[in-house]
Amino acid sequence: MVDPDVVHQDFQRRLRPIPPQGMGLSVDVYSPDVFELVKQLRERGLRPGYLEVFKATTTALTTVRQALSDLSLAYHGEGLWITQPDVQASPFFQQDVREMVTQLNSIQSLWLNHECAMKQMAGYSFGTYVPPLYTPLSAEVVAGNITTIQQAIDRQGRRADGTSPLFLLELPPLTYFAAGTIPIPHFFRLVTDLVPCGLVLDIGHLWTVYRYTTARHRMALEQFVKKFLDEFPLERVVEIHVAGLACHESAGAVELGAEPPAWLDAHAAPIPSILFTMLEQVLAHPNLVSLRAVALEVDTKPIEMIVEEYAEAVRRFAPVVQQTMARGVAAEQPMDQRASSRSVQEQLGQSDRQQLSDDYARYAQIISGQVPLTGPEWQDVAEDQTGLTAYRASYLPYEILHWGGDLTEMFPQTCRILAVRGVSLPEFVAFWFRAPRPLTESYDFFLLKIERFVEFVAEFSPDAQVCVEQEGEILRQAYEQANEVVGPAMEMERAR
Ligand SMILES: [Fe+2]
């Protein structure tokens, strides 16, 4: 058995070399332009304690490292679906992990932050994050996958001083629903008992947990936050995120009622004041003893709004963040250097893995509306189906048809032909989820959209096949060229 105390000591050993970063920003290289952002911050006399940079091309990240040599950088990863029992069997897993370690090294990152969520499961693909199944078995799988990734970081990412970046697991947002058999804080406790990772507590994500679970019927927000923090492994929280929230542009939010508003994680949107009230409550909690950093997540947000929000947040929170970080560093005791000797993966049997794979296949089919709600992890959702219905009927079709590339703009000629032939675009949503399909490359929603739409048109309107292939090829070439030169061709709004 893995001993949680030994695991925690290993965590503390890994945490110790990470210096306090204070308040900073979690940014994208391109959206908005990170150099312009830093310039405007400097003009206002603001210097972020650090920047957490979202995954981009290695060339772009290296450029950022060189140009901002006086700033501490951290890395926000993407595309390692650590919630999935079969992720390590994927033909792209090794390659994706290698690329991630290369990028960690290219910016000399302090940590790898990754969402505890996925955009692909059991052969089905989504455009934005869906949360894991909150079950004990799922927690074990997450811990096993983190162990493998941390080992790769330790092997390939070790620095001259002998330290290596620490894996941080982020509490993911809910998009109208959550499925599971155990409370969410309990899930994270199971993970941290098995693996020496740190955690990222995203305040806006926590708000969505309140909004889209039964908690909001039972207690006030402040009481929910207190209860959550008391049960969550808060002593593992290394970084806090605060980002905007907003109602989604698809119609689903209307069905969910106005009180509290049906907000979702939205980095372009202003940060509502309720999140700063929650931040105060989190920072005051005595168990928050490992904090190193607090970031506003501001990718896709207008620069003027970022500067205003950051200035205000620093004015209000910098002293208490400093105190909280000092509390943690002072509390650290010299610890035993032993690392947990047995890998958590040894505990997981093949039948457990198969069971969870089946659960995730059912998960994908349930949320895409292919099969009815069945299984113990769907009990709460079955009692109040409003959220899942909004996800199925509005959010998901919007994601497939418009998000990360609007099909009528991507394929204007083809869409005109389809309209004449009487083929409606919503049929593409049903086609997308009709059956699981093996992955043909590392996750890229834009490329996947092109591939699937070409297949759809070939089947539903074969006379438009030449047209769709031509339009698809033009898109692919433009995308590749833009990635090589300046970064993603399309500014893809991300839910992180
Ligand atoms: Fe976040």
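**Note on the predicted model: aromatic cluster, iron site, spaces and backbone**

1. Phenylalanine 445 counts as buried, because its relative accessibility is 2%, and buried here means under 20%. This value, like the others in this note, is computed from a predicted model. Tryptophan 403 is also buried, with a relative accessibility of 7%.

2. A search of the whole structure finds 33 aromatic pairs. In one of them, tryptophan 403 and phenylalanine 445 lie 5.7 Å apart from centre to centre, with 50° between the planes, and the pair is therefore described as tilted. Tryptophan 403 sits in the loop between α15 (386-401) and α16 (407-410), whereas phenylalanine 445 belongs to helix α19, so the pair ties together parts that are 42 residues apart in sequence.

3. Both residues also belong to one aromatic cluster, whose members are Trp403, Phe411, Phe428, Phe431, Trp432, Phe445, Phe453, Phe456 and Phe460.

4. Which residues hold the iron ion? The ion is coordinated by Glu170 through OE, Asp202 through OD, His241 through ND1 and Glu297 through OE, at 2.0 to 2.4 Å. Along the sequence these donor residues follow the spacing E-x31-D-x38-H-x55-E. Glutamate 170 lies in strand β7 (residues 166-170) and histidine 241 in strand β9 (residues 237-242), so this pair ties together parts that are 71 residues apart in sequence.

5. The arrangement around the iron ion is irregular, because the four donor atoms subtend angles of 84 to 174°. For a student checking this, four donors count as tetrahedral only if all angles lie between 85 and 135 degrees. As for accessibility, glutamate 170 counts as buried at 0%, and histidine 241 is buried with a relative accessible area of 0%.

6. A search of the whole structure finds one cavity of 30 Å³ or more, and about 150 Å³ of space lies in the largest cavity. Its lining comprises 17 residues, of which Gln120, Ser125, Arg437, Leu439 and Leu448 are the closest to its centre. The elements that give two or more residues to this lining are β6 (124-130) and α19 (445-460).

7. How much space lies in the second largest pocket? The volume is about 720 Å³, and 35 residues line this pocket, with Thr213, Thr214, Ala215, Arg218 and Asp380 the closest to its centre. Among the elements that give two or more residues to its lining are α6 (184-194), α7 (203-211) and α9 (221-231). The lining of the second largest pocket divides into 19 nonpolar, eight polar and eight charged residues.

8. Two cis peptide bonds deserve a look. One joins serine 31 and proline 32, with omega at about -5°, and proline 32 is found in the loop between β1 (22-27) and α2 (34-43). Another runs from glutamate 259 to proline 260, with omega near -10°, and proline 260 lies in the loop between α10 (252-255) and β11 (263-265).

9. Positive phi values in residues other than glycine are also worth noting. Glutamine 108 has a phi near 50°; this residue lies in the loop between α4 (93-106) and β4 (111-115) and counts as partly exposed, at 45% relative accessibility. Alanine 122 has a positive phi of about 50° although it is not a glycine; alanine 122 lies in the loop between β5 (118-121) and β6, and is partly exposed with a relative accessible area of 23%.

Conventions
Residues are numbered from 1 along each chain as its sequence is written. This is a predicted model: local features need pLDDT of at least 70, side-chain atom pairs count only at pLDDT 80 or more; totals for chains, interfaces and linings use all residues. Side-chain values use heavy atoms; hydrogens and water are left out. Donors are N, O and S atoms within 2.8 Å of the metal (3.2 Å for Na, K and Ca); water is not among the atoms, so sites may look incomplete. Four donors count as tetrahedral if all angles lie between 85 and 135 degrees; four count as square planar and six as octahedral if opposite donors are over 155 degrees apart and all others between 65 and 115; anything else is irregular. Helices (H or I, at least four residues) and strands (E, at least two) are DSSP runs, numbered from the N terminus. Buried means under 20% relative accessible area, exposed over 50%, partly exposed in between (1.4 Å probe, protein chains only). On a 1 Å grid over the protein atoms alone, a cavity is a set of points where a 1.4 Å probe fits but cannot get out, and a pocket is an open set with protein on both sides within 12 Å along at least five of seven lines; lining residues have an atom within 4 Å of a point. Grid points are joined across faces, edges and corners, and a volume is the space filled by probe spheres set on the points. Rings of Phe, Tyr and Trp (its six-membered ring) pair if their centres lie within 6.5 Å; planes under 30 degrees apart count as stacked, over 60 as edge-to-face and the rest as tilted. Ala, Val, Leu, Ile, Met, Phe, Trp, Tyr, Cys and Pro count as nonpolar, Asp, Glu, Lys and Arg as charged, and the others, Gly among them, as polar.
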